[in-house]
Amino acid sequence: MSLGDEHGYRGEPGGRTDEGFGGSGQTRTRLPGSGDTDVYGGARRPVRSSRSLITVVGVVVLLIAAIAFANQGGGDETPSTTSPKGATAPTAATGERPVTGKNGEIPSGFAKDGQGAQSAAANYAVALGSDGMFKAATRRGIVQRIHDPAVADRLVSDLDKAYSAGFLANVGLNGDGTAPTGLTFVSRTVPVGTKVTEQSGDTATVEVWCTGLVGLAGPNSTKPVTETWFTITEKLKWVGNDWKIESSSQKEGPTPVNGDNRASSADEIAGAVEGYGGFTYAR
């Protein structure tokens, strides 16, 4: 959710990278532990928006956050959802026990197999899409916990430059990444499904189909919370007895047709974000 010359979703100027498709897999979730009229009242969420990527040290990393509404634009690049190995039942549970370990607030200790790689990729997508990526201290912790140490430090440095005061102001945030008084910043990524497209030994490539919420909730917000759909491709490496990200990329869709749901008020959105916790995702 993208720094760039078109409506990107969490990225800055850099090359767009599209990963290959194939394989199969589904995702299940485990819970770890939830109409006033204003700027939201009659708003229709945009159906599509193109996304830009940030490329550093050979790592295409998502600024998974609010740039979707900072730079408006359009696009129609949509990844294939067809698996050459045939269709499988959506979101079917497959029996692997979800992880119970934590690295900070991020799940860890994934199995060294396709299911473990999918679980890791889904949880890492959530971390990259969190509001913590907009604050220097928490961003550093997130990047270091989920990336291969060989690329993490350089990546932190480049991301610090990308999340500049100017960029944050364009998103509607203060220079330290906090929301202005009276507003609640929302940045959440919700995986819908996963699939392994490539796996060999200590490496795996996983696609994570996601929906996301991003924006500022509040009565005077000029950037209301909107919904986006995108697919993240993560190249993972087995490092230190767990899966870590070597590189990642993002592209738009698949995007469903918008429903006729009434847009909620700013207070309802802010209350939901503060009152409902997230999930640990497990294949």
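1. This is a predicted model. Helix α2 (residues 114-128) has 15 residues, which at 1.5 Å a residue should span 21 Å; its end C-alpha atoms are 21 Å apart, so the two values agree. The expected span is 1.5 Å times one less than the number of residues.

2. At the start of α2, the backbone nitrogen of Gln 115 has a side-chain oxygen of Asp 113 within 3.2 Å. Of the 15 residues in α2, 14 are buried.

3. The largest nonpolar core has 38 residues. Tyr 124, Met 133, Phe 134, Ile 146, Leu 236 and Trp 243 have the most contacts inside this core. At least two residues come from each of α2, α3, α4, α5, β6, β7, β8 and β9. Helix α2 gives the largest share, seven residues. A second, separate core has six residues, among them Val 186, Ala 217, Val 225 and Ala 270.

4. The structure holds eight aromatic pairs. One of them joins Phe 134 and Phe 185 edge-to-face, at 4.9 Å centre to centre and with 75° between the planes. Phe 134 is in the loop between α2 and α3, while Phe 185 is in strand β6, so the pair links parts of the chain that are 51 residues apart. Both Phe 134 and Phe 185 are buried.

5. Tyr 163 and Phe 167 also pair edge-to-face, with 5.3 Å between centres and 75° between the planes. Tyr 163 has a relative accessible area of 5% and is therefore buried; Phe 167, at 3%, is buried as well. Ring pairs link Phe 134, Tyr 163, Phe 167 and Phe 185 into a cluster.

6. How many salt bridges does the whole structure hold? A search finds five. One of them brings together the side chains of Lys 112 and Asp 202, 2.6 Å from N to O. Lys 112 is in the loop between β5 and α2 and Asp 202 in the loop between β6 and β7, so this pair ties together parts 90 residues apart in sequence. Lys 112 is partly exposed at 45% relative accessibility, and Asp 202 is partly exposed at 36%.

7. Asp 160 and Arg 139 form a salt bridge of 2.9 Å, N to O. The pair ties helix α4, which holds Asp 160, to helix α3, which holds Arg 139. Asp 160 is partly exposed at 30% relative accessibility, whereas Arg 139 is buried at 4%.

8. Glu 207 and Lys 195 meet in a salt bridge at 3.9 Å, N to O. Glu 207 lies in strand β7 and Lys 195 in strand β6, twelve residues apart in sequence. Both Glu 207 and Lys 195 are buried.

Methods. Residues numbered from 1 in each chain as written. Predicted model: local features only at pLDDT ≥ 70, side-chain atom pairs only at ≥ 80, totals over all residues. Heavy atoms only, no water. Helix = DSSP H or I, 4+ residues; strand = E, 2+ residues; numbered from the N terminus. Buried < 20%, exposed > 50% of the residue type's maximum accessible area, 1.4 Å probe, protein only. Polar contact = N/O pair within 3.5 Å; in protein donor to acceptor, adjacent residues only side chain to side chain. Phe/Tyr/Trp six-rings, centres within 6.5 Å; stacked < 30°, edge-to-face > 60°. Core = buried A, V, L, I, M, F, W, Y, C linked by side-chain atoms within 4.5 Å. Salt bridge = Lys/Arg side-chain N within 4 Å of Asp/Glu carboxyl O.
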